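Let's take a friendly walk through a protein model. Have the sequence and the 3D view ready, and follow along from one heading to the next.

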Amino acid sequence: GAVRTLAPPVLRTLGRIYTETLEESGEERVAALSLRAIECWCRLNEIGTVRMGQIFAPTGVNILGALADGLYSNMSDVLDADSDLIETLLNQDDSNERVNLGMSIAARALSSASTPPTNQVQVAQELTGANETARINLLSELVLAVGFQRHRFVQRQQAGDVAVCRCLARTAARVLVGARGSLRTSPDDLLDLLFKAASHPSIYVSGIAIEALADCAAE
């Protein structure tokens, strides 16, 4: 309830960032603080992308789309808060994925035993399967949205804006790591952004991209 009350003004500001390219303002500072509060709430309550989408579904809000709009901000506080929230959601997804894997292993073990799986196990298996499908769909949307930032990355680099470039590289790196092996869309735009970031003159930007690309290449 609290997050649904807090979120609408924040989401409206994020939408205005995308449509109007707002400069630093009181609204953006409030949005940054509110995003921090939402991130803290998600972390404490172990909320991932799927649950976050379910929370906002009755309001008709595409929360991941709103977070993608926030990446158009030129204010580092908003970008950092936005990136932190995306990272927290994806970290919880990773934890949930391990739970799903455990459920799958348990179901296979029971199916090979003489006793058939209980109804509870079957229901849990169906639920985890549905959640995994929803997670992949949401993650695919996020990959596309962050990939769209590749042109703006070049623009901000040409403007000497290291802070924005660092935030975009950081978000792209985290999304790429979270998306490995479970995508229904091409990550080419996301990879293009990271390759651009890898050649950035600042080690604070290039280091993030090089590490993410190396991790993915190693798998």
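## Before we start

Contact here means that heavy atoms lie within 4.5 Å. The model is predicted, so local features need pLDDT of at least 70 and side-chain atom pairs count only at pLDDT 80 or more, while totals for chains, interfaces and linings use all residues. Residues are numbered from 1 along each chain as its sequence is written, and side-chain values use heavy atoms, with hydrogens and water left out.

## The overall fold

The protein has 10 helices and 0 strands. Both kinds of element are DSSP runs numbered from the N terminus: helices are H or I runs of at least four residues, and strands are E runs of at least two.

Of the 219 residues, 42% are buried. A residue is called buried under 20% relative accessible area, exposed over 50%, and partly exposed in between, using a 1.4 Å probe and protein chains only. The accessible surface comes to about 10,900 Å², and carbon and sulfur atoms account for 55% of that surface. Such areas come from the Shrake-Rupley method with a 1.4 Å probe; for residues, only the protein chains shown count as cover. Among contacts between residues at least 6 apart in sequence, 75% join residues at least 24 apart.

## The nonpolar core

A nonpolar core is a set of buried Ala, Val, Leu, Ile, Met, Phe, Trp, Tyr and Cys residues joined through side-chain atoms within 4.5 Å. Which residues touch the most other members of the largest core? They are Met52, Leu89 and Val175, in a core of 45 residues. Elements giving two or more residues to this core include α3 (49–56), α4 (63–70) and α6 (119–147). Helix α8 supplies the largest share, 10 residues.

Take a closer look at Met52. Setting aside its neighbours within four places in sequence, Met52 is in contact with Ile38, Cys42, Ile47, Ile63 and Leu89.

## Salt bridges

Side chains of opposite charge can pair when their charged atoms come close. A salt bridge is counted when a side-chain nitrogen of Lys or Arg is within 4 Å of a carboxyl oxygen of Asp or Glu. This structure holds 10 of these pairs.

One of them joins Glu39 and Arg43, whose closest N and O atoms are 3.0 Å apart. The two residues are 4 residues apart in helix α2 (residues 26–44), so about one helical turn separates them. Is Glu39 buried or exposed? Glu39 is buried, at 9% relative accessible area, whereas Arg43 is partly exposed at 46%.

## Linking two helices

Arg170 has a salt bridge with Asp80, at 3.5 Å from N to O. Because Asp80 lies in helix α5 (residues 76–112) and Arg170 in helix α8 (residues 162–179), this pair ties together parts 90 residues apart in sequence. Asp80 is buried, with 15% relative accessibility.

Glu87 also forms a salt bridge with Arg170, and here the closest N and O atoms are 3.1 Å apart. This pair again connects helix α5 with helix α8, so it ties together parts that are 83 residues apart in sequence. Glu87 is partly exposed, at 28% relative accessibility. Through shared partners, salt bridges join Arg36, Asp80, Asp84, Glu87, Arg166 and Arg170 into one network.

Asp84, a member of that network, is found in helix α5. Its relative accessible area is 18%, so Asp84 counts as buried. Leaving out residues up to four places away in sequence, Asp84 touches Arg36, Glu39 and Arg170.
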